[in-house]
Amino acid sequence: MGKDQGSRIGSAEELAGALRIAAELEHGLCCQYLFAAFTLRRTLEDFAGVPTGEDAKRHVMALTQAWATQILTVARQEMEHLAIVINLQSALGEPPHLARPNFPVPLGTYPLKAHFCLERLEGATLDRFLFYERPDYLAEELKFDDPGCCEGKALRNAPPLVLASHAGLSFESVQELYQTLAGAYSGPDELPAVALFRGSAAAQVQSGAVQWAQSVNVPPVTNRHDAIAAIDQVTFEGEGIGETPTSPSSHFVRFAEVNRSYVELRRTLPDMDPALPVICNPAVSGEAPPGSKQITDPAAVRAMGLFNDGYFLMLAMLRGFFEGYRGNFGTYPTFAGSAPNSALFLEAYYPFMTMFIRPLGELVCRLPAGPEHPGKNAGPGFELTEEPPGLQDLDWYEDRITQLDRAGREFHVWLADHEATYGPDAVLAAERQSQVLHRMGLNLPRLWKEGVLNP
Amino acid sequence: MSAIETPRLVVQFGGRFQCRIPTDPDPTWEPRGVSGYTRAIGRETDFDRVICLQKSDIPHFDRNYRRAERVSPANEVSVTVKAARVEGATGTVDILEGAEVRLLRNPEYILWNQIVADGVERLVPLVVPFEIEIRKQVAGGEIVLRRYDPLVPGEIGDRFWEVGEPRLYAQRLPSDYVHLSSEVMESTGISDFEGYFQRRKEWLELEITRTPDPVEREALEVRLQAIDLFSQSPLPTSPGLIVNRLGLQCVWEHPVRGEACIEGCDLLGGEVLAGGPDDPGLYWQTRFWHGGWDGDLLRGYMQGELRMPFRP
C-alpha cells in the first residue's frame, strides 16, 4: 500500500488502519480548531491593558465573533466527520478509534506534510488550517511549507512518531486519504462486500435517530453506496469537492474568509492583536511530548488537569455510546429502548462538549502560563495518557464523573481563595463549571437506569 | 379554608418581554453569541440572560434595546394586566387594568444545554428564580401583589444543580410546547413570518446606509447576516430557525407557594390571601406562556393569568 502503488488499500486490515488514521486526523484537526477559537479576544475584558480606544476593540470583537462562528462550525463538523469514520469502522467490524498522539505531532508522523500543533489564532495558524482543508486542485497555487509549531519553529526537524497501528499508508492531503478510502468501497480495487460489512447494521449511528442538533448529518453505512456517499460528504463539507466553484460552506472557504478578514485587520490595525497571548502546545502531564510547553501556574495546572480528565471521560463516553448503540429506537423519547446508551449520549454530547470543553477551554486561555513563560497564557492541552476504553458498566463512568465533580469543586474553592490573583471572572467561571459537573454527576445514574424524563 | 370554598381573583396579563440570551449550541454563559442564532453586537453589553418584562428594567437600556422598523409590534416591551375579575362573582376589577407585571430576582431560562431538563427534542426550560409581581400606583395608594415560588421547597430552594431527580420540580417544567401556535399568532398579530423578517431586513439595509457610526453600522450588518443565515431552512419542509421561533409557544402552569407581599387590598375591594408552603389551599396558581420569539430583537410575547384566593 502506498503512493507508488496508487494509494491502494488491499485488505480489510489495511482499510482498518486507514480508518484509524482518518479518525485521528479528524479528531486532531478538531482539537486544533477548538484551541485556536478559544484564544480569540471576544469581550472587552479580553482587551484589558490594550491601549486602544473602545470603538477599535468593538470592531475587533465583531470580527473575532464572526471568526469564532466559522471556526467552531468547522470544528463541529470535524466531530461529525469523526462519527462518519466511526460508522465506517463499525461497518467493518472494528471498534471506534478515539485515541490520538498528544500535541505537538511532528511532521512525517502522518503522510500529510504538516505538523499538528495547538497554536493561538494568527497568520501561520490559518495557513496551516488552509493547508489541512485545501482541495487538491489548488495545491500548486496554494503551496504550504510548514514552518513548524510556534514562533520558535519548534519541531521543524523533530523525528516523526511511529504509530505502528496504521503504518504504511501514503497520501499528501486529507482529500487524497478519503479518495483512497473510497477506492476500497468502489472501483477496480474494491474489497469484497463480505469484508467491508462485517459489523452489525444495527450499530450504525444515524443523526435522524439520535437527534443530533445543529445540522449534524451522520448517515448510516450499510452498503457500498452508503459508504461512498458518506465519504463524499466529508470531502464536500471539508474541501468543497463536488461543487464548482468550491462550496461556500466548505471548511476551506470558511477558513479562507477568516484569513482574508484577519489579513485585512492586521493591515489596517497592526497593533490590534485579535488573539490572547496563549502559549503554543501547553501541557501538564508528565509524559508530554518534545516541543510542548510545561505550564506551571498553579491555577492553570489545576484547570488543565481538570480539562484533561473531563476530555478523557468524554471520549470514553463517546466510545461507549458508539459501541453500545443498537438501532433506531423510534420517536420521542429518544433511546426509549436503551437507557444506558441515552445516558452516554446525553452526557457526552451536550454537556461535555458545550458546557465543559468549551467554557473550561476558554477559561484556561485566560489564566497565566507561569513565571517561566512571562506574558503568556495557558491553554487546554487535550492530553491523553491512555486510550479511552470500550463500553464499561455504570460504576466505571460514575466513579470518574464523581472524581471530576470533586476536582471541579476543589478547583473552584482553591480559585476563590486566590481571587485577588486571578480575578472574580475566573472564580465565577470555575463556580459555574463546578455546578455543571455536579449536576452531570447526579444525572448520569438516573439517565442510565431510567432514560430520559418526558415531562 | 379549602380551595373549593375560596373565590379567586383572576388577573390576566400580556405583552412583550426582552431576554438577551445565547442559544444552543453556545454554552449557557457564552458572553456574546457564536454558535447559536443570537448575538450581542456593537456597543451592547455581554448577554445577561435576564427575562425583563418592562422596558425600564432592561439593564443598560440605551445600549441593549434594539431598534426596528416603526411598524413592528415588537418595539414595545411591557407586560401589563389586561383584565381582572373575581371568579364566581359578577363584574370586573377594573382598577388593576394596566398594572405592570414583573418577574423579579433576575429570572433566567434554565436548561443548561440539556443538563437540567432532559429536553432532547423540545425546549423545556425552567424559569428560575420565579417571583411574580403585579404593581400599580392608583389614586389613594399602591396595589402590590407579589409572591415567590421556590423550585424545591425546603433546603434546596432554587439550587437546581443540586437536584438529581427532576421529578422534584416537574411541576415547574413547561406543561406544553407548540412549534406553531395559533394562539401565539392571534396574540402577536404575526402570521406571515417570512414577511415579518423581510420587512426587518429591508429596514436594516436602509439603516446601514443611514448610520454614520461605524460600530453601529457593523452591528446592524451582523443582525442582517444573522437573519439571512438563520432564515435558511435545514429541511425543505420546515422554515429556518429564526423564522420558526415566531410561532413557538412554551407553556408553564404551576402553583406559587412561597413568601408573599400584598398591599393595597382596600383599593381592590377585598383581601388577597396567601399562606405558607404548607398551606396548599392558599397557594396562588399561574398559567402563562412565552412565545412568538423574535431572535433578532431578542424579544418574545408573554400571556397568562394569575389566580389568587380572594375574600371579597
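**Entry 1: strands of chain B**

I started at B:Gln137, which stands opposite B:Glu142 in β8(B). I kept in mind that this is a predicted model. Next I looked up how β7(B) and β8 (residues 141-149) of chain B pair, and found an antiparallel arrangement over nine bridges. Two residues sit between the strands of this hairpin, and there B:Gly140 takes a positive phi near 100°.

Which strand also pairs with β7 (residues 130-138) of chain B in the antiparallel sense over four bridges? I found β4 (residues 100-103) of chain B.

**Entry 2: where the chains meet**

I then turned to the contact between the chains. Chain B brings 35 residues to it, and chain A brings 36. On the chain B side I noted 19 nonpolar, six polar and ten charged residues.

**Entry 3: the two domains of chain A**

I looked up how chain A is divided: domain 1 covers 1-276 and domain 2 covers 277-455. Their centres, taken over C-alpha atoms, are 23 Å apart. In the contact I found 34 residues from domain 1 of chain A and 37 residues from domain 2 of chain A.

Which helices each supply at least two residues of the domain 1 side? I listed α1 (12-38), α2 (54-92) and α6 (207-210) of chain A. The largest share of that side, four residues, comes from α1(A). By residue type, the domain 1 side divides into 25 nonpolar, five polar and four charged.

**Entry 4: helix α7 of chain A**

I followed α7 (residues 224-238) of chain A from end to end. This helix has 15 residues and reaches 21 Å from its first C-alpha to its last, close to the 21 Å expected. Among its buried residues I marked A:Ala227, A:Ala230, A:Ile231 and A:Val234. An α-helix has 3.6 residues a turn, so residues three or four places apart point the same way.

What do the buried residues of α7(A) pack against? I found α2, α3 (123-133), α4 (174-185) and α8 (251-268) of chain A. Just after α7(A), A:Gly240 takes a positive phi of about 80°.

**Entry 5: helix α13 of chain A**

My last stop was α13 (residues 424-450) of chain A. I noted 27 residues and a reach of 39 Å from first C-alpha to last, close to the 39 Å expected. Where does the kink of about 25° lie in α13(A)? I located it at A:Asn443, shortly before the proline A:Pro445. After α13(A) comes A:Gly451, with a positive phi near 85°.

Key:
Residues numbered from 1 in each chain as written. Chains lettered and ligands numbered in written order. Predicted model: local features only at pLDDT ≥ 70, side-chain atom pairs only at ≥ 80, totals over all residues. Domains from an automatic or database assignment. Contact = placed C-beta atoms within 7 Å. Nonpolar A, V, L, I, M, F, W, Y, C, P; charged D, E, K, R; others polar. Expected span 1.5 Å × (residues − 1). Buried ≥ 20, exposed ≤ 12 C-beta atoms within 10 Å, placed from the backbone. Bend = angle between axes of the 7 residues up to and from the residue. Pairing = 2+ DSSP bridges.
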